[in-house]
Amino acid sequence: MGILLQQLINGLFIGSVYGLFAVGYTLVFGVLDMLNLAHAAIFTFAGLIALWLVENAGLSIWLAFPLATVFAGVMGLLLNQVAFAPLRKRSDSQFSGLISSIAMAIIFEAGALGLFGARSVRFPVGTVSAHIWHIGSVTITLLQVGIACVAAILMVVLTIFIGHTRVGKAVRAIGENERTATLLGINVNGIIALTFFVSSALGGAAGILFGLYFNNLTPDMGRSIELKGLAVIILGGMGSIPGAILGGLAFGLSEVLTVAITGTSNLRDAVAFTVLFVILLIRPSGLLGRGKTREA
Amino acid sequence: MKLSVRTLIGVAAGVFLLASIAAPAFSAGIKIGFVFSMTGGAAVYGTAQKDGANLAIEQINAAAGANGLQIVPIFEDDASVPQQGTNVFNKLINGDKVSIIIGPTLSNTAKTTDVIAQKAGVPVLAISNTVSGITEIGDYIFRDSLTEDVVIPHTVKYAKEKLGIKKVAMLYGNDDVMTKATYEVFKKELHAAGIQILSEQIFAKGDRDFSPQLTQIKAQNPDAIIAAALAEEASGIASQARQLGIPKTVRIIGGNGLNSPGLIKNAGDAAEGTIVGAAWNISSTAPLNVKFVSDFTKKYGHAPDQFATQAYAGVHIVYQAAKASNGGADRKALREALLKIKNMDTVLGRFSFTEGRDANHAAIVQEVKGGKFVVTSN
């Protein structure tokens with residue numbers, strides 16, 4: 001019993017990390033309808049920048065975290081300016097943007113490799129309190145609780161932002177139809193830039209938490225989570241913020257339980273993607289997707 | 001800029017002149033090809049190897065002076081994959097016409113590339129391949145890295161006799177030649193020693209989350225966890241095991257892959273008590289080793305690991321053989337000279353090649369104590 005409970009908790013936390021990553025991803029992919037494949041590279045870069053701020057600039061993590069998050073946001077602005085904005089007038093801007101974002105991902109990754117080296121690095125011991133709770137035979141760390149809380153808070157804040165604020169509505173309007181949004185007087189370029197900023201900042205925050213949690217940062221760490229992030233978005237339902245978190249949890253749980261039952265992680269991805277497939281057969285729009293409302 | 005025929009002739013003549021001046025110095029050197037993984041999955045090791053090799057080359061060339069035998073290094077990147085390894089081996093052998101190749105980083109790659117060198121009659125010195133079946137490729141293949149078959153029996157013996165370990169759980173990566181070989185040797189030795197294996201859990205290359213496997217292991221209550229892993233994975237395994245409440249009395253035991261300062265740096269306090277069988281210990285007080293560690297740390301700003309050390313030793317071994325074979329320009333004579341290396345004083349200790357051209361020097365068992373690898377037995 002204790003062992004199953006511990007495994008569920010393991011799944012819940014890794015799932016929260018996936019969810020966090022996917023929340024930022026889905027803002028651009030699910031809401032704006034642009035696939036940004038450099039999201040994982042920004043995720044990595046922010047983690048490494050935060051580490052650099054803590055280790056070399058001697059900042060506390062409480063200061064390094066927001067700074068690195070803002071830095072990630074600025075990288076998002078740069079990404080939008082370089083990879084997406086110049087292509088926006090092309091009729092195939094969705095595809096050409098996707099390709100140029102791959103180019104930016106490679107540039108960011110190479111930059112991280114050049115700046116921080118290929119070695120796997122970690123935050124110094126004691127960056128965050130290593131407090132551990134033992135409840136019966138189950139253990140939970142302070143960091144795990146922190147990650148789950150951040151994921152939950154972001155989910156609520158972003159859902160309100162997208163669903164109920166003026167800016168959020170503008171973002172969705174652009175996702176529906178850019179031309180119409182322009183006619184309605186929405187500053188399309190400004191709103192897209194803002195969305196990239198928020199999305200990348202969130203990706204960056206996820207990268208820092210991922211780095212803190214697993215204590216193993218490498219310039220290619222984003223690759224392991226990139227595809228999962230996309231799967232999580234599809235699983236949760238395109239554009240749905242709570243869906244991204246829920247999808248992340250479902251994905252994390254299926255992974256952990258597969259490993260626990262089979263004793264090997266070789267089947268982990270196969271089972272996780274099979275679960276995705278089955279859920280899409282039953283609910284084609286994803287767990288919390290709203291069907292074909294976007295067809296207009 | 002306008003180029004006249006006269007300038008062109010002038011430039012051509014200049015180049016020609018330069019080449020003829022440079023030629024004698026060139027022929028006085030031994031051309032060594034280095035094939036390391038500078039990109040891809042094994043980049044961490046390739047980088048360390050290049051650093052170790054570069055330090056050795058720099059020191060040897062400075063000591064030899066302009067009139068002595070100089071090393072002319074040619075570095076190539078195999079991108080951690082056999083395909084690229086094949087390309088650069090062909091380039092080094094047929095294009096650059098090197099006397100010998102040091103590398104490649106991964107055993108996986110070596111199994112393909114060393115066949116090419118053997119056919120062409122070019123000696124290869126492996127400096128990090130630890131699986132069996134490398135030197136068996138042919139009589140031109142040497143290695144200075146101790147195999148898992150040599151290192152692990154010491155470790156298992158120590159675990160049984162000194163730590164009284166009776167039952168263990170195994171955790172290993174089955175998609176990497178090296179970790180899989182480590183696992184197989186461990187399994188064989190554990191059986192031979194009569195230690196019970198409670199369960200075998202598998203992870204995949206690049207995994208960061210080991211908590212599902214460790215949660216299962218915790219429930220089985222083993223005396224120790226055998227981790228057939230590379231250093232990054234082992235750091236994750238150690239810290240997550242302690243986080244999950246597996247007590248420190250349950251030791252983590254591993255092979256060559258764990259012998260990296262990265263383990264201690266990345267796992268911190270959780271690495272304490274880890275038992276690591278290895279070919280080399282950073283704290284060895286042999287004068288050569290002390291000087292190497294301090295020179296390396298001064299040049300690169302961090303301590304060397306076993307990969308850098310084996311690369312450093314490898315360059316010295318090749319240089320010694322080159323001196324003994326009249327500059328090493330003749331590949332066959334260089335091979336003969338390598339065979340004759342006996343009791344050479346290296347940073348790895350007294351070094352000889354076995355009859356099968358494998359490394360022969362003392363293996364050690366280390367324990368992580370107070371943030372350092374400490375030798376426990378010899």
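A residue is buried if 20 or more other C-beta atoms lie within 10 Å of its own, exposed if 12 or fewer, and partly exposed in between, with C-beta atoms placed from the backbone.

The model is predicted: local features need pLDDT of at least 70, side-chain atom pairs count only at pLDDT 80 or more, and totals for chains, interfaces and linings use all residues. Residues are numbered from 1 along each chain as its sequence is written, and chains are lettered from A and ligands numbered from 1 in the order in which they are written.

**Exercise 1. Determine what share of the residues in chain A is buried, and characterise the fold of that chain.**

Step 1. Buried residues account for 49% of the 296 residues of chain A.

Step 2. Chain A contains 11 helices and 2 strands; helices (H or I, at least four residues) and strands (E, at least two) are DSSP runs, numbered from the N terminus. Along the sequence their pattern is α-α-α-α-β-β-α-α-α-α-α-α-α.

Step 3. The radius of gyration of chain A, 19 Å, is close to the 19 Å from the globule rule for 296 residues, so the chain is as compact as a globular protein of that length. This radius is taken over C-alpha atoms, and the rule is 2.2 Å times the number of residues to the power 0.38.

**Exercise 2. Describe how α10(A) packs against α7(B).**

Step 1. Helix α10 (residues 241-262) of chain A and helix α7 (residues 211-220) of chain B have axes 8 Å apart, at an angle of about 40°. Axes are lines fitted to C-alpha atoms, for helices over the stretch in contact, and angles run from 0 to 180 degrees between N-to-C directions.

Step 2. The two helices α10(A) and α7(B) are therefore oblique to each other (under 35 degrees is roughly parallel, over 145 roughly antiparallel, 65 to 115 roughly perpendicular, the rest oblique).

Step 3. From α10(A), Val256(A), Val259(A) and Ala260(A) meet Pro212(B), Gln213(B), Thr215(B) and Gln216(B) of α7(B); contact requires C-beta atoms, placed from the backbone, within 7 Å.

Terms used: Two residues are in contact if their C-beta atoms, placed from the backbone, lie within 7 Å.
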